[in-house]
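Please look over the chain shown below. The report after it is meant to be read beside the sequence and the model.

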Amino acid sequence: MVRGTGERKRTRPSDGNDARDPARIAALLRAGDLDAAIEAGLMAPGAGANGALDHGDQALIARTRQRLQAAWDARERYRARQARLARRAAEREARRRATGGVPATRAAGATALPAAAAAALARARARAGQP
């Protein structure tokens, strides 16, 4: 990686002939260079489907592809969840601003009493002579 840029520094020029070469991908994975293996076509359809590779290399490519796909799927779920939470927070904030910061049940000035209790209170006030 080129420090501070987030870009991978190429160590050797590619002539384009080694794209999706399963033997090269396996060698890169064994060397621990996942970025280069991805660039070489690790996630391309058919990568690792070469009968010339031994079972260990085929299994290495298959395992790495599965782990990488699972990580990418998890990242996408996380991003979707963050977007959903942000949308809900924005909706909640819009509702709060629309009511002036007062909860919706009290925004209209309605009492929190049920109808029967409000009627009983009105009768008691009438008997006591209160308006």
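This is a predicted model: local features need pLDDT of at least 70, side-chain atom pairs count only at pLDDT 80 or more; totals for chains, interfaces and linings use all residues.

Residues are numbered from 1 along each chain as its sequence is written, and side-chain values use heavy atoms, with hydrogens and water left out.

**The chain**

The protein chain has 5 helices and 0 strands, and its pattern along the sequence reads α-α-α-α-α. Helices (H or I, at least four residues) and strands (E, at least two) are DSSP runs, numbered from the N terminus. Of the 131 residues, 16% count as buried. Buried means under 20% relative accessible area, exposed over 50%, and partly exposed in between, with a 1.4 Å probe and protein chains only. The chain exposes about 10000 Å², and carbon and sulfur atoms supply 54% of that area; accessible areas come from the Shrake-Rupley method with a 1.4 Å probe, and for residues only the protein chains shown count as cover. Among contacts (heavy atoms within 4.5 Å) between residues at least 6 apart in sequence, 41% join residues at least 24 apart.

**Helix 1 against helix 3**

Two packed helices are described by the angle between their axes and the distance between the axes. Helix 1 (residues 22-30) packs with helix 3 at an angle of about 70°, and their axes are 10 Å apart. Helix 1 is therefore roughly perpendicular to helix 3. Axes are lines fitted to C-alpha atoms, for helices over the stretch in contact, and angles run from 0 to 180 degrees between N-to-C directions; under 35 degrees counts as roughly parallel, over 145 as roughly antiparallel, 65 to 115 as roughly perpendicular and the rest as oblique. Helix 1 contributes Pro22, Ile25, Ala26, Leu29 and Arg30 to the contact, and helix 3 contributes Asp57, Leu60, Ile61 and Thr64. By class, this contact has 6 nonpolar, 1 polar and 2 charged residues. Here Ala, Val, Leu, Ile, Met, Phe, Trp, Tyr, Cys and Pro count as nonpolar, Asp, Glu, Lys and Arg as charged, and the others, Gly among them, as polar.

Asp57 sits in helix 3 (residues 55-98). Its side chain makes a polar contact of 2.7 Å with that of Arg30. A polar contact is a pair of N or O atoms within 3.5 Å; within protein, one must be able to donate a hydrogen and the other to accept it, and residues adjacent in sequence count only if both atoms are side-chain atoms. Not counting residues up to four places away in sequence, Asp57 touches Ala26 and Arg30.

Asp54 belongs to the loop between helix 2 (34-39) and helix 3. A polar atom of the Asp54 side chain lies 2.8 Å from the backbone nitrogen of Asp57.

**Thr64 and Leu68**

Leaving aside neighbours within four places in sequence, Thr64 is in contact with Leu29, Leu34 and Leu42. With residues up to four places away not counted, Leu68 touches Ile38, Leu42 and Met43. The C-alpha atoms of Leu68 and Leu34, 34 residues apart along the chain, are separated by 9.6 Å.

| Residue | Relative accessible area | Class |
|---|---|---|
| Asp54 | 47% | partly exposed |
| Asp57 | 15% | buried |
| Thr64 | 6% | buried |
| Leu68 | 10% | buried |
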